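Student: I am new to this structure. Please walk me through it, one feature at a time.

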Amino acid sequence: MSLLEARQLRVTIGDKTIIDRLDLSLAAGERLAILGRNGAGKSTLLSVLAGLRKPAAGAVLLDGEDAALLHPRQAALRRAWLGQFQNDPFGSTVLETALTGRHPHLGRWDWESTKDADLACSALQAVGLAGMEARQIHTLSGGERQRLAIATLLTQAAPLYLLDEPLSHLDLNHQMAALELFAGAARDCGAGVVMVLHDPALAHRFCDRALLVHGDGRTEMGSVDDILTAATLSELYGYGLRQIEDRGHRCFIPE
Ligand SMILES: Nc1ncnc2c1ncn2[C@@H]1O[C@H](COP(=O)(O)OP(=O)(O)OP(=O)(O)O)[C@@H](O)[C@H]1O
């Protein structure tokens, strides 16, 4: 069964259709990149795929069940969603924040267990935040806050990750580390990963398939080898690109 399925999906913002008749299916271990211009509707589509926003038509299935019918807790056990912005209205430590990833797994009156704390600590270690557990989140740098958001997602340990610009605020080293982490989750644990990316070279390197969102209802999907080409991307972004291959990796240089 697919971790994620979209059937004849239509997504609108006001009276504008941004996605029309989209069918997609994501199996365990698969990684899909979503690319498109600013404002094309990538975040809106991702929130529909997460079951956080209703489609205008069609359906989203999470592990075979209609996302619209799932209780938020059930949805959170099936998918972990990384939004573009982190809201921190209250003071909290790094460890407390990472532990919120366990909340969908706990009963109404349960406290987090030692096992939950161990999971959170190993996720913090995986993103290079070990030793910062007691720090207040307001004291973190932008990149550290983004890595904490990723650690919180890993602590949630859902079978499907929906990531909206997971590389925001990250330097090159941490960008590669974050992408390697999700590649490992897909390879070793069979996690499905859908990520909105702005770098087609990283999408080619770290994903199996790509979905191009044109912003007027049209979408194109295919294997990264087939669809991430200078021709398709030049049209997508409205800017001429040249393609370079190096040791199996594909790069795109603006003309
Ligand atoms: N509630 C709203 N009211 C009016 N316009 C909206 C609303 N929500 C989104 N939009 C508009 O819909 C369009 C799509 O937004 P979305 O955030 O999905 O784009 P995106 O492809 O993720 O862009 P970016 O690459 O800049 O993050 C944008 O033009 C945005 O301004």
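Student: What distance separates the centres of domain 1 and domain 2, taken over C-alpha atoms?

Tutor: The centres are 25 Å apart. Domain bounds come from an automatic or database domain assignment. Here domain 1 covers 4-79 + 158-254, and domain 2 covers 88-157. Two notes before we go on. This is a predicted model: local features need pLDDT of at least 70, side-chain atom pairs count only at pLDDT 80 or more, and totals for chains, interfaces and linings use all residues. Residues are numbered from 1 along each chain as its sequence is written.

Student: How many residues does each domain give to the contact?

Tutor: Two residues are in contact if their C-beta atoms, placed from the backbone, lie within 7 Å. Domain 1 gives 13 residues and domain 2 gives 10. On the domain 1 side, helix H2 (72-78) and helix H6 (172-189) each supply at least two residues. Helices (H or I, at least four residues) and strands (E, at least two) are DSSP runs, numbered from the N terminus.

Student: Which classes of residue make up the side of domain 1 that touches domain 2?

Tutor: Eight are nonpolar, three polar and two charged. The classes work like this: Ala, Val, Leu, Ile, Met, Phe, Trp, Tyr, Cys and Pro count as nonpolar, Asp, Glu, Lys and Arg as charged, and the others, Gly among them, as polar.

Student: What surrounds the ligand?

Tutor: A residue is near a molecule or strand if its C-beta atom, placed from the backbone, lies within 6 Å of it. The ligand is surrounded by Ile-13, Gly-36, Asn-38, Gly-39, Ala-40, Gly-41, Lys-42, Ser-43 and Thr-44. By class, that shell has two nonpolar, six polar and one charged residues.

Student: Which helix gives the most to the shell around the ligand?

Tutor: Helix H1 (residues 42-49), with three residues. H1 also packs on a sheet, so let us turn to the sheet next.

Student: In what order do the four strands of that open sheet lie?

Tutor: Two strands pair if DSSP finds at least two bridges between them. The order is S2-S1-S4-S5, with antiparallel pairing. S2 and strand S5 (65-66) are the edge strands, each pairing on one side only. H1 touches S1, S2 and S4, and its direction makes about 135° with that of S1. Axes are lines fitted to C-alpha atoms, for helices over the stretch in contact, and angles run from 0 to 180 degrees between N-to-C directions.

Student: How many bridges join strand S1 (residues 4-13) to strand S2 (residues 16-26)?

Tutor: Seven, and the two strands run antiparallel. Ala-6 stands opposite Leu-24 in S2. The hairpin of S1 and S2 has two residues between the strands, and Gly-14 there takes a positive phi near 60°.

Student: How many bridges join S1 to strand S4 (residues 57-62)?

Tutor: Five, again antiparallel. Glu-5 faces Leu-61 in S4, and Arg-10 faces Ala-57. Leu-61 also has a bridge partner in S5, Asp-66. S4 and S5 form a hairpin with two residues between them, where Asp-63 in the turn has a positive phi of about 50°.

Student: How many strands form the sheet with mixed pairing?

Tutor: Six, in the order S6-S7-S8-S3-S9-S10, and the sheet is open. Its edge strands are strand S6 (80-82) and strand S10 (219-223). Neighbouring strands are turned by 15° against each other on average, direction ignored.

Student: How do S6 and strand S7 (residues 160-164) run, and what packs on them?

Tutor: They run parallel, joined by three bridges. Trp-81 has Leu-162 as its bridge partner in S7. Helix H5 (residues 142-156) packs on the sheet and touches S6 and S7. The direction of H5 makes about 175° with that of S6.

Student: Where does UniProt place the feature "domain: ABC transporter"?

Tutor: The UniProt record, an unreviewed entry, places it at residues 4-240. UniProt positions are given in the numbering used here, feature names are shortened, and annotations may be inferred rather than shown by experiment. Over residues 4-240 the chain is 36% helix and 24% strand. The end C-alpha atoms of that stretch are 33 Å apart.
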